[in-house]
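Me: Please go through this structure with me by question and answer, taking one arrangement at a time and ending each reply on what was asked.

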Protein chains: 2
Amino acid sequence: MNQQLSIVKIGGNIIENEVELLKFLTLFSKLEGSKILVHGGGKKANHILEKMGISPKMVNGRRITDLESLDVAIMVYGGLTNKKIVAQLQALNCNAIGMSGADANAIQAHKRSVKEIDYGFAGDIDGVSNNTLNSILELGLTPVFCALTHDQKGQLLNTNADTIASELAIGMSKNFETTLYYCFELNGVLRDFEDKTSVIKKIDSASYANLISDGIIADGMLPKMHNCFHALNNGVKEVRMGNLALFEKENTNYTRLVL
Amino acid sequence: MNQQLSIVKIGGNIIENEVELLKFLTLFSKLEGSKILVHGGGKKANHILEKMGISPKMVNGRRITDLESLDVAIMVYGGLTNKKIVAQLQALNCNAIGMSGADANAIQAHKRSVKEIDYGFAGDIDGVSNNTLNSILELGLTPVFCALTHDQKGQLLNTNADTIASELAIGMSKNFETTLYYCFELNGVLRDFEDKTSVIKKIDSASYANLISDGIIADGMLPKMHNCFHALNNGVKEVRMGNLALFEKENTNYTRLVL
């Protein structure tokens, strides 16, 4: 059996709440075995854009990454959020190293091609340098990824953090038995969105199809779940979705996704 | 004989000029052997502070790093400048990895103690994790350091880039035969500041003392030279000071500092 690797993605709601973030980082630092953290951006970038007098560019209700917004994303995701998380993990005796996809050429991507919408400097991932990341993990380091990739021609690209986490998990499954965690504000995938306790404990390929046709998995949850099954179909052992309690040993109240 | 290592510090004047920066990075990427880049901040941080409506805090004409300025330093030095340099080096086939002193616990520091002036979140360096950095270099990676360190208790600290370069050079001299390069706007240390061609080609401990007593090394050059001889006195083989031409093979028009 291969060595185990945990890849954990945390969303904006945890990053923006100092108490929650410290609670999460404390739990994360205690996770046994090799691990990688991926963090999204949160609303801090909007706040900085606003302070700098830059209005976010929208087309058909979708956010566009122009050069100015990209610079702010690099500053906030790659700088402020990433380095603060690294410093906090160091204080918790977790030897973290902050990375974007450009660092150590970890994640290669290309600028999303223009179809109906020009998303600007948004990246679609082409590959992951799993051997380099494997060597970095072997040094006892814990990579902390922000949501930026690069095109290997000098251009940084804004990239969805959920996708970064699943592509990293797929790439690393060549060397490791990988579990992918999506840590967000809910206990897990809910059968009834109004009832926060209605966690679906296990979803497999068959029940996944049913949950979509029943309309239980819909809206924002659809791309998230698509990412999960894409990962499972490409070598990732298991995906777990839930809130911070995901990392508490006794807790079983989360959603497990398997093929 | 130990393996050779080059540690290069570039200043704000190169970072702020896209043409000069690309020229420098192209030369740097071709440097043979293991290498580390250290970059200062430049005026971009001031520009962002201004855009965000924050006035730089000054006491007795000296810049103070309060929490707001520290956040901007983390965003600009640790984010924007650092990640863009990394992406550009990747395009030049140099496998760069951006780091602050918090990443991989590379540089440990403490908040400068308050005497006459409270410098705020300014860091004085305690040590360098030379073995971890050695392992990172052995992976074929090129660390790119911004001017930030940490106190191992979760606090990032603004730290002079010249000092980071010399402390890294001292730490790494345990494993390597280290040459430290300070790359700035002049051809080297000048005998006559009005005559840009009056480069002093070699300075050793004896001539260093004379140059100070003759008033040739003065003002801003004093702390720079102090850093250099501190490095030489602590295991660094040689220091070279000059402009981009430092990295052109035929050129001998720069200042070499030796014990």
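**Helix packing, symmetry and sheet**

Me: How do the axes of helix H3 (residues 44-51) of chain B and helix H4 (residues 67-91) of chain B lie to each other, roughly parallel or oblique?
Reply: In this predicted model, the axes of H3(B) and H4(B) come within 9 Å and cross at roughly 130°. The crossing is right-handed. An angle over 145 degrees would count as roughly antiparallel and one of 65 to 115 as roughly perpendicular, so H3(B) and H4(B) are oblique to each other.

Me: By class, which residues make up the contact of H3(B) with H4(B)?
Reply: H3(B) contributes Lys44(B), Ala45(B), Ile48(B) and Leu49(B), while H4(B) contributes Ser69(B), Val72(B), Val76(B), Tyr77(B) and Leu80(B). Divided by class, the residues of this contact are seven nonpolar, one polar and one charged.

Me: What is the handedness of the crossing of H2(B) and H4(B)?
Reply: The axes of helix H2 (residues 18-30) of chain B and H4(B) come within 10 Å and cross at roughly 55°. The two helices are therefore oblique to each other, and their crossing is right-handed.

Me: Which residue of chain B comes closest to the rotation axis?
Reply: Chain B can be laid on chain A with an RMSD of 0.0 Å by a turn of 180° and a shift of 0.0 Å along the axis. The two copies are thus related as by a two-fold rotation axis, and the same surface serves both, since 100% of the contact residues of chain B recur in chain A. The residue of chain B whose C-alpha comes closest to this axis, at 1.8 Å, is Gly79(B).

Me: Which are the edge strands of the open sheet in chain A?
Reply: Eight strands form this sheet, in the order E5-E8-E2-E1-E11-E13-E14-E12, with mixed pairing. Those that pair on one side only are strand E5 (96-99) and strand E12 (202-203) of chain A.

Me: In E8(A), what is the bridge partner of Ala96(A)?
Reply: E5(A) pairs with strand E8 (residues 142-145) of chain A in the parallel sense, over four bridges. In E8(A), the bridge partner of Ala96(A) is Thr142(A).

Note on methods. Residues are numbered from 1 along each chain as its sequence is written. Chains are lettered from A and ligands numbered from 1 in the order in which they are written. This is a predicted model: local features need pLDDT of at least 70, side-chain atom pairs count only at pLDDT 80 or more; totals for chains, interfaces and linings use all residues. Side-chain values use heavy atoms; hydrogens and water are left out. Copies are superposed by least squares on the C-alpha atoms of residues with pLDDT of at least 70 in both. Contact means heavy atoms within 4.5 Å. Axes are lines fitted to C-alpha atoms, for helices over the stretch in contact, and angles run from 0 to 180 degrees between N-to-C directions. Angles under 35 degrees count as roughly parallel, over 145 as roughly antiparallel, 65 to 115 as roughly perpendicular and the rest as oblique. A crossing is left-handed if the near helix is turned anticlockwise from the far one by less than a right angle, and right-handed if clockwise. Ala, Val, Leu, Ile, Met, Phe, Trp, Tyr, Cys and Pro count as nonpolar, Asp, Glu, Lys and Arg as charged, and the others, Gly among them, as polar. Two strands pair if DSSP finds at least two bridges between them.
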